[in-house]
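The exercises below are meant to be worked through with the sequence and the 3D view side by side. Each one sets a task and then gives a solution in steps.

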Amino acid sequence: MSAGEAVRSANRSADGPRVVITGMGAVTSIGIGAGRFLEALRAGRSGVKPITGFDTTGFAYSNGCEVTDFDPAPWIRRYRPAELGRATQFSVAAARMAVEDAGLPVERLRAGRSLVAVGTTDGESRDLDQLLQTQLELGPERMDPVAVRRVPAGRLSVCVARELGLTDVEAVTLPTACAAGNYAIGYGADTVRSGEVEFALVGGADAICRKTFAGFYRLGTIAPEQCQPFDRDRKGILTGEGAGILLLESLESALARGARIYAEVLGYGLNCDADHAVAPNLDSVARCIRLAHRDAGVKPAEIDFISAHGTGTKANDVTEAGAIRQVFGRRPPPTISTKSMIGHAMGAASALSAIACGLAITHRFIPPTINHGVTDPECDLDCVPNTARAAELRVVQNNALAFGGNNAVLILGRYEGGETA
């Protein structure tokens, strides 16, 4: 095993308490809040629309998955919203949603030790875009000091802690790009399982910005109209935005306070092959999946569906599908991509997919891969095209693959009672 791989014992009872998800906060282009996100996933709703967050003059096409109906005021109470960058607004609002969704009194959260871990790709790059434009056009002395104060990426987690009045807290922002949400969830599960914290607010957040859109556009990976993962005619990604924050606690804690349990965090796997700046490595992705299975104590045959990274680019989809077949054989479980609906939300992507997995387990369905015509024979997956599918789900897998070979695979399971440790 390489130094970049993380794995622990598959014997969960030896590792400490079981960890469960009791609250979810979602800010997405197809619905805000876990309830509306659920409705949109079931309906196979698309969040695609022309980008308005920055000037798209000069680009031949500029569709994206923006959050256009977000009002931070009901969720952000200790700050003036303008004090926070857009990604931080998303993370703070989603964290507040998760706490309320969990039925956890804020006073109880404040009384215990907690963790806030937020993953991101861009931090507040939207503010950086604007500050750079000001510097170039008017000089650095004309930069908005409020925007300058909003820039540090650490604020994505620190402002959650301050908004909720947490004092005995570790606040961490994880910059592992498109895999960062799964990294944060895994880290949070470890801290709860070890007894370091009672509650963990974990996930990811990012806002659409010109820098990232232009970078993918120059790489030739932005789709003109829609994202079509695993489709024969797919043309690339659509950039998206939003936040997904989950509340984790021990099973014992959840049962003691009568909390609703969406799912149990069974395990996860991480690795970094550092093979290529942007291209995923098939063998490394397969190895990460096996690490996650080993950590969760499950076998491939027990996985009921996979929420794939599924970006809709030619190379990513073929590589990920190949890695899945390497682990699962010729007949993998149904494999879907939420990016067909919400675009690529960067650091929020795998956190939102984890929320989708938890909702799917709870409400017994598999979300669809929309915009699907004909499956690419090189992918050869059952991607649940266009229409959600009823299903009894016990164990699900959530893939996340990031630039630089950073891979993170999360395994969630249905909680069905039994021992608490």
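**Exercise 1. Classify the exposure of Tyr61, and then describe the aromatic pair that Tyr61 forms with Tyr217.**

Solution. Tyr61 has a relative accessibility of 29% and therefore counts as partly exposed, given that buried means under 20% relative accessible area, exposed over 50% and partly exposed in between, with a 1.4 Å probe and protein chains only. The model is a predicted one, in which local features need pLDDT of at least 70 and side-chain atom pairs count only at pLDDT 80 or more, while totals for chains, interfaces and linings use all residues. Residues are numbered from 1 along each chain as its sequence is written, and side-chain values use heavy atoms, with hydrogens and water left out.

The next step is the ring geometry. Rings of Phe, Tyr and Trp (its six-membered ring) pair if their centres lie within 6.5 Å, and planes under 30 degrees apart count as stacked, over 60 as edge-to-face and the rest as tilted. A search of the whole structure finds seven aromatic pairs. In one of them, Tyr61 and Tyr217 lie 5.4 Å apart centre to centre with 50 degrees between the planes, which makes the pair tilted. Tyr61 is in the loop between β3 (49–50) and β4 (63–64), whereas Tyr217 is in helix α9 (residues 210–218), 156 residues apart; helices (H or I, at least four residues) and strands (E, at least two) are DSSP runs, numbered from the N terminus. Tyr217, with a relative accessible area of 21%, is also partly exposed.

**Exercise 2. Explain why the pair of Phe70 and Phe90 is called edge-to-face.**

Solution. The ring centres of Phe70 and Phe90 are 5.2 Å apart and their planes stand at 70 degrees, so the pair is edge-to-face. Phe70 lies in the loop between β4 and α3 (86–101) and Phe90 in helix α3, so the pair ties together parts that are 20 residues apart in sequence. As for burial, Phe70 has a relative accessible area of 14% and is buried, and Phe90, at 0% relative accessibility, counts as buried.

**Exercise 3. Find where Asn371 lies, and state which residues it is in contact with.**

Solution. Asn371 lies in the loop between β12 (365–366) and β13 (389–390), and its relative accessibility of 18% means that it counts as buried. Leaving aside neighbours within four places in sequence, Asn371 is in contact (heavy atoms within 4.5 Å) with Gln226, Cys227, Gln228, Asp231, Ser340 and Asn386. For Cys227, the backbone oxygen lies 2.8 Å from a polar atom of the Asn371 side chain.

Conventions: Polar contact = N/O pair within 3.5 Å; in protein donor to acceptor, adjacent residues only side chain to side chain.
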